[in-house]
Amino acid sequence: MTYAVVDSPLGPLTLVGTDAGELTGLFMDKQRYRPDPTRFGDRDDSALSAVAEQLDEYFHHGRTTFDVPLLLTGTEFQRRIWAALQDIPYGVTTTYGGLAADLGLKPQSARAVGLANGKNPVSIIVPCHRLVGSTGSLTGYGGGIERKRALLAHERGEKLLIG
């Protein structure tokens with residue numbers, strides 16, 4: 001394992017990956033559910049350069065999809081939710097209940113979808129910010145509601161501003 005810290009309009013992002021270049025984590029400062037950094041391996045800011053480049057393109061040059069190799073560790077249910085998140089198009093939001101319905105889950109599964117979404121280890125690239133509450137409200141986001149609001153505004157074509 002190795003990690004790199006890259007600058008972004010959202011503040012520093014910590015990219016964690018395998019020695020083979022698979023991204024296993026993307027964490028913001030003060031992110032909820034951020035793992036113990038001693039588990040990230042050695043710091044090498046030149047590592048995961050393809051991820052850093054694609055993030056820069058997303059933030060500044062119109063990239064709307066990512067194609068970096070991912071290695072996501074979680075329960076089968078969590079991985080199912082994270083895979084479905086990647087099918088939500090750029091600039092589009094859906095509700096927790098809507099995603100549950102799309103997956104053929106019972107309506108009461110919206111809460112479980114939300115919990116799995118909150119444990120997403122690769123924010124932005126696995127776009128958990130595109131899930132909203134049943135009324136369209138911006139419910140929880142591991143990186144903070146302010147960042148979620150900024151990412152959604154960015155995907156609507158607005159300038160990416162925090163604060």
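This is a predicted model: local features need pLDDT of at least 70, side-chain atom pairs count only at pLDDT 80 or more; totals for chains, interfaces and linings use all residues.
## A contact at a strand residue

Contact here means heavy atoms within 4.5 Å. Leu13 sits in strand S2, which covers residues 13-17. Leaving aside residues up to four places away in sequence, Leu13 touches Ala4, Val5, Val6, Ser8, Leu26, Phe27, Met28, Leu55, Phe59 and Ile124.

Is Leu13 buried or exposed? Its relative accessible area is 0%, so Leu13 is buried, the cut-off for that class being under 20%. For a sense of distance, take Gly74: it lies 61 residues from Leu13 in sequence, and the two C-alpha atoms are 21 Å apart in space.

## The chain as a whole

Let's step back to the overall layout. The chain holds five helices and six strands, and their order from the N terminus is β-β-β-β-α-α-β-α-α-β-α. Among contacts between residues at least 6 apart in sequence, 58% join residues at least 24 apart.

How does the radius of gyration fit the chain length? For 163 residues a compact globule would come out near 15 Å, and the chain has 15 Å, so the two agree. The C-alpha trace spans about 45 × 35 × 25 Å along its principal axes. Of the 163 residues, 44% are buried. The accessible surface comes to about 8400 Å², and carbon and sulfur atoms account for 50% of that area.

## The largest pocket

If you are looking for open space, here is where to begin.

Strand S3 gives the most, with three residues. Sorted by class, the lining of the largest pocket has nine nonpolar, eight polar and three charged residues.

## The second largest pocket

Which element gives the largest share of the lining of the second largest pocket? That is helix H4, residues 110-118, with six residues. By class, the lining of the second largest pocket divides into seven nonpolar, nine polar and two charged residues.

Note on methods. Residues are numbered from 1 along each chain as its sequence is written. Side-chain values use heavy atoms; hydrogens and water are left out. Helices (H or I, at least four residues) and strands (E, at least two) are DSSP runs, numbered from the N terminus. Ala, Val, Leu, Ile, Met, Phe, Trp, Tyr, Cys and Pro count as nonpolar, Asp, Glu, Lys and Arg as charged, and the others, Gly among them, as polar. Buried means under 20% relative accessible area, exposed over 50%, partly exposed in between (1.4 Å probe, protein chains only). The radius of gyration is taken over C-alpha atoms; the globule rule is 2.2 Å times the number of residues to the power 0.38. Accessible areas come from the Shrake-Rupley method with a 1.4 Å probe; for residues, only the protein chains shown count as cover.
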